[in-house]
Amino acid sequence: MVMSPTGSSSQASPLTPSTSKPIQELPDELIQAGWAKCWSKRENRPYYFNRFTNQSLWEMPVLGQHDVISDPLGLNAAPATGEGAGDPGLGNGQRKRRPSEEALQGGPNSFKRPRVEIPVTPTTPTIPISPSTPGAKPWNSTSDDKQGQPSTPAPAPYRPSVIYWDLDVQTNAVIKERAPYDYLPPHPEIELQRAQLTTKLRQHYHELCSQREESIRSCGCQFDPVHLHKCHRGSGIEPPRESFNRWLLERKVVDKGVDPLLPSECDPAVSPSMFREVMNDIPIRLSRIKYKEEARKLLFKYAEAAKKMIESRNATPDSRKVVKWNVEDTMNWLRRDHSASKEDYMDRLEHLRKQCGPHVTAVAKDSVEGICSKIYHISTEYVRRIRQAHVNLLKECNIAVDGAESTEMQDRLVYCYPVRLSVPSPPQPRVELHFENDIACLRYKGEMVKVNRGHFNKLELLYRYSCIDDPRFEKFLSRVWCLIKRYQVMFGSGVNEGTGLQGALPVPVFEALNKQFGVSFECFASPLNCYFKQFCSAFPDIDGFFGSRGPFLSFSPVSGSFEANPPFCEELMDAMVTHFEDLLEKSSEPLSFIIFVPEWRDPPTPALTRMENSRFRRHQMTVPAFEHEYRSGSQHICKREEMYYKAIHGTAVIFLQNNAGFAKWEPTTERIQEVLAAYKISGRSLSSPGPSSASAGDRDSKPGHERSASLDTPGSRDNSSPVDKTAPEVANI
């Protein structure tokens, strides 16, 4: 039996209620302008809804009427008749409130708009009545200023030219009803503190990595960040790119702590991901090479660094002997062979790495483990500080954290619904909003975050569909600020850093997956990059207000069709496969997962190998490198011409289904061809290889023409994964 979270039940799967009740036909002009006549069950009367602007009216709209989003004063509106005719900014009999009335009826972050009735669906236990976003004044503008200025035409109503999501798709994901999460509710003050401490933790990691070569050997200050900063400033070795971001991902796979971002209860304390990536840069960082001269120089530098490290560390006599002999042999070869090709140099480098690598790794192991352990323990202390500040803030608002009542959950199946929190949300401080052309700017205590207007409107829609504790949108702006700040901090401050963690499939591919395989749910997404309104994401405490069903590893669907495009972190992908197989093993209902992962073959990742050998694998295809695209992880702020970029690695597309899922969504030849055709039409004439998240050599290199010394081990594969993610992968035809 499937029951909605509101308590209704039926013998079969519940149907989605109709959102409209035909009363009479609208003029063609209004229909073309996006208007539709709907029925409000709450008020038991019709209302009019514009799907382009999300505006709702009780009276029939008038062509030429102003748009409340981009023209809040109604300067472009057609003259209205009746009660509201005396006010050019209002139509359909609405009365403009005085500023004093606005102040009395709304909080500092609230929006005002005519009430809209949203029908209850199986996906949403309770849907709040939501106003939409009106135009916002600049921070320093006042009504008095406006009176002294000449009247100028307002901009045309905002209409996004391209939509990268479809929030009308209803879910087919069924879960067991679950209790609310015990995360503390978000607050800008706490989010600001978390951002500052996370940035500080990144800086500690940067400093520890910067001194791991020469500095560690000379004075042994690897565990004192203060001494490190003074003593080794400018020693010049950067940490592996994106390794801190992947450390956050890998830690959250095993973390049982209380903070949604920073790890605090992990076993083991030393991260395998961070250890592997730092170790892979010892004795020197190996980069992609393009020319013979670069290959020769790289070989020489590696030999010199290996010899120097083995001589300065407490290595065994045998290790010293092996490394010195191989280095001397390489130097002699370099002196006498001046006609070698780039491939010869790279082969020699690979041979030297195999001979010297284990010995160099052995002498550096303790120092690298010290870096990983130090970062983890600093993170644990930061989590303690954040938690204490958060609890104190809630106590000041008379909100008990430990005394929250536990909710009794029934053992029943329901359509999946957004995450709920057990602790009530405190009052939110004022967050200021203004628009700069197409960019929404939100500021709290001088800290400003930005999002393009299309995605700002998308967040508003998701909030309307998902949030049940803020029907007047009084906390909307502060929660949007917290959301964007959280992802901004997770991404990092580098140019295009972290965008690979949020890369998404092209829109036509999502459309094909939904049409051919009934996909209605994303296993790895965020409110910023999701295509469907139902998805799993990293941060349930803030993402839940915008539709998230929580982290996927703690999400247990019984049936449904899912798309999974995980961040390219090996530990996370391996845990994902384990979760998939557990779910498929336990459920007899139709269950299907379509997984998109990089086709890393040298060596293959454990996740890819396990999926290829899984008894639930029904089909597999490969989309070749440079023949498909991803949507940028920074799509909420990047320029339109930077939205898509080419994949530099092939993408493996694997179908994992139980028997019922295979019977319902069998990957037939016709369906597969439709998906491949969607990849072909997804091109937007953008030949760019993606954001500049890699070095110039990385961006210029092509498989088959250049070889990379940094791609031979799993650790180096992690180093390139941001580029992989920012460069989408495609299937073999």
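Helices (H or I, at least four residues) and strands (E, at least two) are DSSP runs, numbered from the N terminus. On this basis the chain has 21 helices and 17 strands. The structure is a predicted model, in which local features need pLDDT of at least 70, side-chain atom pairs count only at pLDDT 80 or more, and totals for chains, interfaces and linings use all residues. Residues are numbered from 1 along each chain as its sequence is written, and side-chain values use heavy atoms, with hydrogens and water left out.

Confidence was examined through pLDDT, the predictor's confidence in each residue, from 0 to 100. The mean pLDDT of the chain is 77. A value of 70 or more is reached by 71% of the residues. Among the elements of the chain, strand β11 (residues 521-522) has the highest mean pLDDT, 98. Helix α20 (residues 696-700) has the lowest, 33.

The chain as a whole was then considered. Of its 733 residues, 55% count as buried, that is, under 20% relative accessible area, with exposed over 50% and partly exposed in between (1.4 Å probe, protein chains only). The chain exposes about 31,900 Å², and carbon and sulfur atoms supply 50% of this area. Accessible areas come from the Shrake-Rupley method with a 1.4 Å probe; for residues, only the protein chains shown count as cover. Among contacts with a separation of 6 or more, 73% join residues 24 or more positions apart.

Strand pairing came next. Strands of a sheet pair through backbone hydrogen bonds, either parallel or antiparallel. Here two strands count as paired if DSSP finds at least two bridges between them. Strand β4 (residues 45-50) is joined to β5 by 2 bridges. Tyr-48 stands opposite Leu-57 in β5.

Ser-40 is found in strand β3. Its relative accessibility is 0%, so Ser-40 counts as buried. A polar atom of the Ser-40 side chain lies 3.1 Å from the backbone nitrogen of Glu-43.

Elsewhere, strands β8 (residues 432-436) and β9 (residues 439-444) run antiparallel and are joined by 5 bridges. Glu-432 stands opposite Arg-443 in β9. The hairpin of β8 and β9 has 2 residues between the strands. In this hairpin Asn-437 takes a positive phi near 55°.

Helix α16 covers residues 570-586. The expected span of a helix is 1.5 Å times one less than its number of residues. The 17 residues of α16 should therefore span 24 Å, and the 25 Å between its end C-alpha atoms agrees. Buried residues of α16 include Leu-572, Met-576, Phe-580 and Leu-584. An α-helix has 3.6 residues a turn, so residues three or four places apart point the same way.

Asn-565 lies in the loop between β12 (557-564) and α16. Asn-565 counts as buried because its relative accessibility is 4%. Its side chain makes a polar contact with the side chain of Tyr-630 at 3.3 Å. A polar contact is a pair of N or O atoms within 3.5 Å; within protein, one must be able to donate a hydrogen and the other to accept it, and residues adjacent in sequence count only if both atoms are side-chain atoms. A polar atom of the Asn-565 side chain also lies 3.3 Å from the backbone oxygen of Gly-503.

How values were computed: Contact means heavy atoms within 4.5 Å.
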